[in-house]
Amino acid sequence: MQLKSLRGEKLQGHLALLVANVSWGLMAPFLKDLLNEGVITPMALSGYRIIGGALLFWLVSVFVPGSGKAEKVERRDILPLIMASLLVIGLNQVLIILGMSYASPVDAAVVCSLTPIFTLVFGALLMGFGFTWLKAVGVAIGLGGALMFVFAGEADSSINVSNPLLGNTLCLLAQVCGALYLVCFGKLISKYSILTLMKWMFLISAIGILPLTIGDMLSVEWAKLSLSGYFDFAFILLFGTCLAYMLIPVAQRRVDPTVIAMYNYLQPIVAVVFSVLAGLAVLNGKNVIATLLVFVGVWLVNREKK
């Protein structure tokens, strides 16, 4: 019976990882599809996503049993929490959505998988973390693939890719923000539960971003949004913003960290396949080579920590 119980626990962990990473992988094409309608601007979508995420996380913390709503944030952690929130939620999310409005979802999704590489680089530079020759090779290969996306992208009006250089650069900067968050706020991340962090970080970011987005948010003509646009919007809020984050702790309690890291490769694969099939992106030889370089680089960086 105990063996069956352990197998059931692991299966739950794998299912949680599958749903979370497929949801994140679908974010890029769904974001692009929604922005392509021209009804919601990138700043309006950023505002709705962050404010909507704050509402959802607080609702979960209040109404879901055992969600850890009683966990308190210590006073000394308030300022670091504000800084972390504006970095990884406010700035990161805005940069990604802005980048997606200019670039292909294929480029953006693969570029957005570079966080481990930037985390390693900043960890070595700022915290003195170990940096082996193999990881250095991984960084060089992964960044080489990213630069291919940034500089080799071509504008294509048929799929609404107006400025791939700008779009991919913005997505790259978003990953820099994510890496700095992981490196500089590691103690804060490990101190509190994911729900406590998310509900406060999204709330802080919602307050911070509201003055910048309120005009665009109020100008959205919802009647002009198609049915698929509403579906995209709901998916982005419910699955890509809230559910996926909530499932990661479920997986962390049931499977090894190496398994969690391997599932991260699913995100760009899902994004690439869905984007091409949906006609939101075109896959060419440069895309394939750059994607392989990024995958190899991230794989080398994610190998056993030294």
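Analyst: The largest nonpolar core has 79 residues, and Ile40, Leu45, Leu114, Tyr181, Leu197 and Met201 have the most contacts inside it. Helix α3, residues 78-102, gives the most to this core, with 10 residues. A second, separate core of 10 residues includes Ala16, Ala20, Leu247 and Val255. This is a predicted model, in which local features need pLDDT of at least 70 and side-chain atom pairs count only at pLDDT 80 or more, while totals for chains, interfaces and linings use all residues. Residues are numbered from 1 along each chain as its sequence is written, and side-chain values use heavy atoms, with hydrogens and water left out.

User: What makes a set of residues a nonpolar core?

Analyst: The term denotes buried Ala, Val, Leu, Ile, Met, Phe, Trp, Tyr and Cys residues joined through side-chain atoms within 4.5 Å. In soluble globular proteins, nonpolar side chains tend to be buried together. As for Met201, its partners beyond four places in sequence are Leu81, Ala84, Ser85, Val88, Ile89 and Tyr181, where contact means heavy atoms within 4.5 Å.

User: Why is Ser275 called buried?

Analyst: Buried means under 20% relative accessible area, exposed over 50%, and partly exposed in between (1.4 Å probe, protein chains only). Ser275 has a relative accessible area of 0% and is therefore buried. This residue belongs to helix α12, residues 266-277; helices are DSSP runs of H or I with at least four residues, numbered from the N terminus. Apart from neighbours within four places in sequence, Ser275 contacts Pro29, Pro105, Val106, Leu280 and Ala281.

User: Is Leu79 buried or exposed, and why?

Analyst: Its relative accessible area is 58%, so Leu79 is exposed. Leu79 is placed in helix α3. Together with Ile78, Ile82, Met83 and Leu86, Leu79 makes a nonpolar surface patch of about 450 Å². Such a patch consists of residues with over 30% relative accessible area and no salt bridge, its nonpolar side chains (Val, Leu, Ile, Met, Phe, Trp, Tyr) being joined within 5 Å.

User: What makes the pairing of Glu74 with Arg76 a salt bridge?

Analyst: A salt bridge requires a side-chain nitrogen of Lys or Arg within 4 Å of a carboxyl oxygen of Asp or Glu. The closest N and O atoms of Glu74 and Arg76 are 2.9 Å apart, and the pair forms a salt bridge. Arg76 is exposed at 64%, whereas Glu74 is partly exposed at 35%. Glu74 also forms a salt bridge with Lys191, at 3.1 Å between the closest N and O atoms. Because Glu74 lies in the loop between α2 (42-63) and α3, and Lys191 in helix α8 (residues 186-191), this pair ties together parts that are 117 residues apart in sequence.

User: How many salt bridges are found in the whole structure?

Analyst: The search finds 4 salt bridges. One of them joins Lys224 and Glu221, at 3.3 Å from N to O. Salt bridges that share partners link Glu74, Arg76, Asp77 and Lys191 into one network.

Key:
Helices (H or I, at least four residues) and strands (E, at least two) are DSSP runs, numbered from the N terminus. Patches are made of residues with over 30% relative accessible area and no salt bridge: like charges are joined within 9 Å, nonpolar side chains (Val, Leu, Ile, Met, Phe, Trp, Tyr) within 5 Å. Accessible areas come from the Shrake-Rupley method with a 1.4 Å probe; for residues, only the protein chains shown count as cover.
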